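Trainee: I have not looked at this one before. Can you take me through it?

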Amino acid sequence: MSATNEAGVELPERVAAMIGTPMYPETATFPVERSYAYNTLAATQNGNPLYWDDGVADELTGGFTMPPTTLSLWMRPHHWEPGAEGEQLALKVHFDLKEIFGLPEAVMTDNTMVFHEPVRPGDVISNSQVLRSVSAPKTTKLGTGRFWVIDVEFRNQDGTLVGVESYTGFGYVRAGAE
Amino acid sequence: MSAAAPVLFGDVSVGDELPRLEVDVTPTTVVLGALASRDWRPMHHDFKFATERNGVRDIFLNTPNQAAWFERYVTDWTGPRGRLGRMTFRMRDSVFPGDRMAFSATVTGVERDDAGCGWVSLEVTLTATEEGGPERVATTCSLRVALPDAPDDNPWSRSGDRWNP
């Protein structure tokens, strides 16, 4: 069974039903930790005093905040946890689409991040994933597959919007592997 | 360290260029960035997976870590009062160990929104160059950052209707 979306792209009904529907609402399994700020700052040699000088943080942001681009890391599952089977995957809609379309490889080609209220240590972040669009089959230098756009909205424990991420993914079969 | 002497909104004009930043990429750069962003996917730490499954030459920088590098690059320029509002980036090529990555940026817009916040738009380019090879455009980033109007102005104090990223 298939359906044609507004852009005239023929999609399996399962995929058409996913578009615009919030999926996989999740709440982080642990609160925001200051130590993750230092992991990111060290990985990028970022000396912004907002994160290294509590006096600056107190003056400008009323206390320590996380670097904005750490927005998504709170929702990324542990690589392993008791009782979980197989690899734990973030951005499940992306992996659903790979499976539905039978596309073993995938890359992210575009990423938009919008930053709202700062995230602070102790916050508990929640999100949901919304599939916005899926393209017709395309062939690129990587192979043949489809592009898709997934939005992820992040809120803190008070329901305050802290950020939105939008991802464009390309799932594909490598050239010559069909 | 001090929060004083920021770049002010009124000091910035379209066409201004940010200082270039160059960094040599090692396997540690890639793995540190992936783990810092809790990205456990093997193409960011497993050479055999990256080369044999993904068909690329090595492990490569992951997307969230590239975002963090863009943040670092821009806030190096703005100082701590600069507040990121939005970034859109497009990956054209990967950044691998052995590459020298370089960040450069041009101011493409200055505008004040209805809430009175001063926004600067930047086009940031990340290139990667393997020794002896051509400079490749790896990622381009359109970025919007709020700057203070005066040394005592603070974009971080904005929220709700006064913050429109």
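Trainee: What should I know about the model and the labels?
Mentor: It is a predicted model, where local features need pLDDT of at least 70 and side-chain atom pairs count only at pLDDT 80 or more, while totals for chains, interfaces and linings use all residues. Residues are numbered from 1 along each chain as its sequence is written, chains are lettered from A and ligands numbered from 1 in the order in which they are written, and side-chain values use heavy atoms, with hydrogens and water left out.

Trainee: OK, which residue forms a salt bridge with Glu105(A)?
Mentor: Arg53(B), with the closest N and O atoms 3.6 Å apart. Glu105(A) lies in strand S4 of chain A and Arg53(B) in helix H2 (residues 47-53) of chain B, so the pair joins two chains. Helices (H or I, at least four residues) and strands (E, at least two) are DSSP runs, numbered from the N terminus.

Trainee: Is Glu105(A) buried or exposed?
Mentor: Glu105(A) counts as buried, at 8% relative accessibility. Arg53(B) is partly exposed at 38%. Buried means under 20% relative accessible area, exposed over 50%, and partly exposed in between (1.4 Å probe, protein chains only).

Trainee: How many salt bridges cross the interface of chain A and chain B?
Mentor: The rule finds 3 there. Glu59(A) and Arg81(B) also meet in a salt bridge, at 2.8 Å from N to O.

Trainee: And which elements of chain A give two or more residues to the side that touches chain B?
Mentor: Helices H2 (34-43), H3 (49-52) and H4 (54-61), plus strands S4 (105-115) and S8 (161-174), all of chain A. S4(A) gives the largest share, 9 residues. By type, that side of chain A divides into 20 nonpolar, 15 polar and 8 charged residues. Ala, Val, Leu, Ile, Met, Phe, Trp, Tyr, Cys and Pro count as nonpolar, Asp, Glu, Lys and Arg as charged, and the others, Gly among them, as polar.

Trainee: What does S4(A) join in chain B?
Mentor: Strand S2 (residues 83-91) of chain B, through 5 bridges, and the two run antiparallel. Strands pair if DSSP finds at least two bridges between them. Met113(A) has Met87(B) as its bridge partner in S2(B).

Trainee: What area do chain A and chain B bury between them?
Mentor: About 4000 Å², 52% of it on carbon and sulfur atoms. Buried area is the accessible area (1.4 Å probe) that two parts lose on being put together, summed over both. The contact takes 43 residues from chain A and 43 residues from chain B, where contact means heavy atoms within 4.5 Å.

Trainee: Different topic. Where does Asn65(B) lie?
Mentor: In helix H3 of chain B. Asn65(B) is buried, with a relative accessible area of 2%. Leaving aside neighbours within four places in sequence, Asn65(B) is in contact with Ala43(A), Thr44(A), Thr29(B), Gly33(B) and Ser37(B).

Trainee: Back to salt bridges. What does Glu130(B) pair with?
Mentor: Arg57(B), the closest N and O atoms being 3.4 Å apart. The pair links distant parts of the chain, 73 residues apart: Glu130(B) is in strand S4 (residues 118-130) of chain B, and Arg57(B) is in the loop between H2 and helix H3 (63-78) of chain B.

Methods:
Salt bridge = Lys/Arg side-chain N within 4 Å of Asp/Glu carboxyl O.
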